[in-house]
Amino acid sequence: MPLNRRKFLKKSAVTGAGVAIAGAAAAPAARAAEARQPGKPVKQPKRYALTVLGTTDLHGHVFNWDYFKNAEYTDKAGNAQGLARISTLVNQIRAEKGRENVLLLDAGDTIQGTPLTYYYAKVDPITAKGGPVHPMAQAMNAIGYDAAALGNHEFNYGIETLRKFESQLRFPLLGANAVDARTLRPAFQPYAIRTFCVKGAPPVKVAILGLTNPGIAIWDKAYVQGKLAFPGLEEQAAKWVPKLKAMGADVVVVSAHSGSSGTSSYGDQLPYVENSAALVAQQVPDIDAVLVGHAHVEIPELRVTNEKTGRTVVLSEPLAYAERLSVFDIELVFEKGRWTVESVASKVLNSNTVADDPKITKLLSDEHAKVVEYVNQVVGTATETLTTVEARYKDAPIIDLITKVQEDVVKAALAGTSYASLPVISQASPFSRTSEIPAGNVTIRDLSSLYVYDNTLVAKLLTGAQIKAYLEYSAEYFVQTAAGTVVDVEKLTNANNRPDYNYDYVSGLSYDIDIAQAAGSRIKNLTFEGAALDDAQQFVFAVNNYRANGGGAFPHVASATELWSESTEIRTRIAEWVTAKGVLDPKDFASVDWKLTRDGTPVF
């Protein structure tokens with residue numbers, strides 16, 4: 001059963017105590033045989049082999065199924081997805097190593113990311129009286145996770161949904177740097193301790209410290225402001241690791257929902273680093289291994305030297321969506337009355353090498369079927385096929401659909417207010433390169449594939465000058481390309497590794513992006529209603545909550561006056577708009593607002 005949170009916090013606030021989860025059976029006898037020297041036998045020290053398994057950024061992927069395409073998931077690399085595959089890998093390793101010698105962890109972002117997670121947060125919510133048990137809780141409980149760190153996306157549906165999910169887990173949800181905003185005491189369990197028995201030697205105590213992402217304070221500000229605070233990972237690890245060692249931890253494993261790059265997407269809006277897992281390993285002594293999350297990259301093994309002790313710390317990040325499983329092999333030796341970590345090595349296993357675990361398939365087949373039926377509901381008819389294939393570098397009607405819906409929702413929301421007379425403009429990003437709304441019947445699935453994130457809508461007040469700065473920043477997405485050179489669309493975008501979701505269209509204006517110019521001097525011919533944009537003119541800016549709260553570090557928008565916001569997902573607003581129209585016709589929403597140029601000549 002889950003630890004009683006109130007009792008835990010009352011105790012931990014005073015003593016720093018954690019939860020001990022006892023191991024079951026004794027481990028195999030030490031491998032080393034007795035060595036003999038002339039005169040008398042010399043006993044070899046006891047040894048113990050611990051295996052730590054890790055997943056991260058599962059984002060609601062239970063099965064190898066693409067709800068947006070209504071088909072088995074496939075990609076060019078041949079990857080497979082889903083906890084059902086991970087379960088098979090875990091079963092194999094437990095059979096090989098002995099279940100009593102294996103620890104299974106996750107590094108966060110569990111309950112958001114697919115129509116499955118949306119369905120059980122919004123359509124058939126787990127928070128309802130007598131509501132269902134979340135499919136991710138069911139799957140992770142059945143697989144037998146020992147602990148999981150909080151991810152930032154755990155907060156996307158609000159604290160009530162997160163707490164309900166937490167209560168449904170049979171393992172602790174850890175977040176040492178998720179604290180009560182008023183008392184600064186832990187709001188979630190900071191750590192867990194697991195004890196592994198060794199025949200003929202004292203048990204091995206393994207501490208798992210959970211750390212989450214400081215960016216939650218920005219990205220889910222509407223839910224957490226004034227309630228929770230998220231200090232830096234390094235600071236909190238430096239506070240907790242010595243406590244864990246003092247409590248007798250022989251091994252310290254950190255599960256961190258934070259990448260390893262040392263960079264932040266939110267610029268200097270927070271004094272804490274977003275992707276600081278490697279910094280934690282470098283700065284905080286006595287950590288043996290770090291399960292890395294958040295960045296959605298594959299790191300089989302990264303070795304970092306701790307600057308204070310000179311010891312090597314091993315980091316590993318498995319690919320997101322249950323495509324990989326990290327495996328840490330930790331060797332310990334018992335000498336001079338204590339266990340010491342002798343070596344750590346890590347690797348990742350590919351979930352495409354195994355089949356689904358039939359136990360998980362049977363457990364969640366009904367939930368899966370409900371969501372498949374839900375997303376295949378027909379809500380309208382499209383007069384022509386709309387696609388995002390060229391949306392990164394051409395003004396595509398399918399993105400105009402998003403901006404039009406946002407404009408209409410904000411105009412309706414501000415009707416009758418003092419801001420109703422101001423012009424409304426809107427932003428949207430080309431999230432996917434493969435979304436398509438086919439001609440003919442349009443389903444919730446088709447519309448959901450266009451807007452894959454659970455973002456909500458905000459109205460901000462910006463000036464013409466601020467909008468121009470916003471557009472210049474957005475245009476940094478393009479690689480500078482001289483006039484006359486051949487344009488390769490595969491190399492035209494994502495300058496400085498900026499992701500597609502951090503490039504914005506802005507509707508309601510007309511402008512050129514001159515990619516022959518240096519970043520910061522690319523926006524040309526910027527007009528509103530046929531006239532040059534007035535720097536002082538005020539606009540209502542319809543923007544998603546990620547961007548409104550500072551995601552992507554776009555200028556001005558985070559600090560701008562907020563006029564209105566809501567908790568309904570933009571994806572739902574799009575479905576409502578299409579349902580009300582009945583017919584999805586580009587003449588109702590499409591307009592060419594921008595184009596790429598080089599020295600004034602259109603690129604396309």
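**Close-ups of a predicted model**

View 1. Gly60, His61, Val62, Phe63, Trp65, Tyr67, Thr114 and Leu116 line the largest cavity. This is a predicted model, where local features need pLDDT of at least 70, side-chain atom pairs count only at pLDDT 80 or more, and totals for chains, interfaces and linings use all residues. Residues are numbered from 1 along each chain as its sequence is written, and side-chain values use heavy atoms, with hydrogens and water left out. The lining splits into five nonpolar, three polar and no charged residues. (Nonpolar covers Ala, Val, Leu, Ile, Met, Phe, Trp, Tyr, Cys and Pro; charged covers Asp, Glu, Lys and Arg; the others, Gly among them, are polar.)

**View 2. Helix 4 meets helix 10.** The axes of helix 4 (residues 135-143) and helix 10 (residues 358-375) come within 10 Å and cross at roughly 165°. That makes helix 4 roughly antiparallel to helix 10 (angles over 145 degrees count as such). Look for Pro135, Gln138, Ala139, Ala142 and Ile143 on helix 4, in contact with Lys359, Ile360, Leu363, Leu364 and Glu367 on helix 10 (contact means heavy atoms within 4.5 Å). Seven of these residues are nonpolar, one is polar and two are charged.

**View 3. Helix 3 meets helix 10.** Here helix 3 (residues 115-123) packs on helix 10 at an angle of about 90°, with the axes 10 Å apart. The two helices are therefore roughly perpendicular (65 to 115 degrees). Helix 3 brings Pro115, Leu116, Tyr118, Tyr119, Tyr120 and Val123 to the contact, and helix 10 brings Glu367, Lys370, Val371, Tyr374 and Val375.

Conventions. Axes fitted to C-alpha atoms, helices over the stretch in contact; angles between N-to-C directions. Helix = DSSP H or I, 4+ residues; strand = E, 2+ residues; numbered from the N terminus. Parallel < 35°, antiparallel > 145°, perpendicular 65-115°, else oblique. 1 Å grid on protein atoms, 1.4 Å probe; cavity = no way out; pocket = protein on both sides within 12 Å on 5 of 7 lines; lining within 4 Å.
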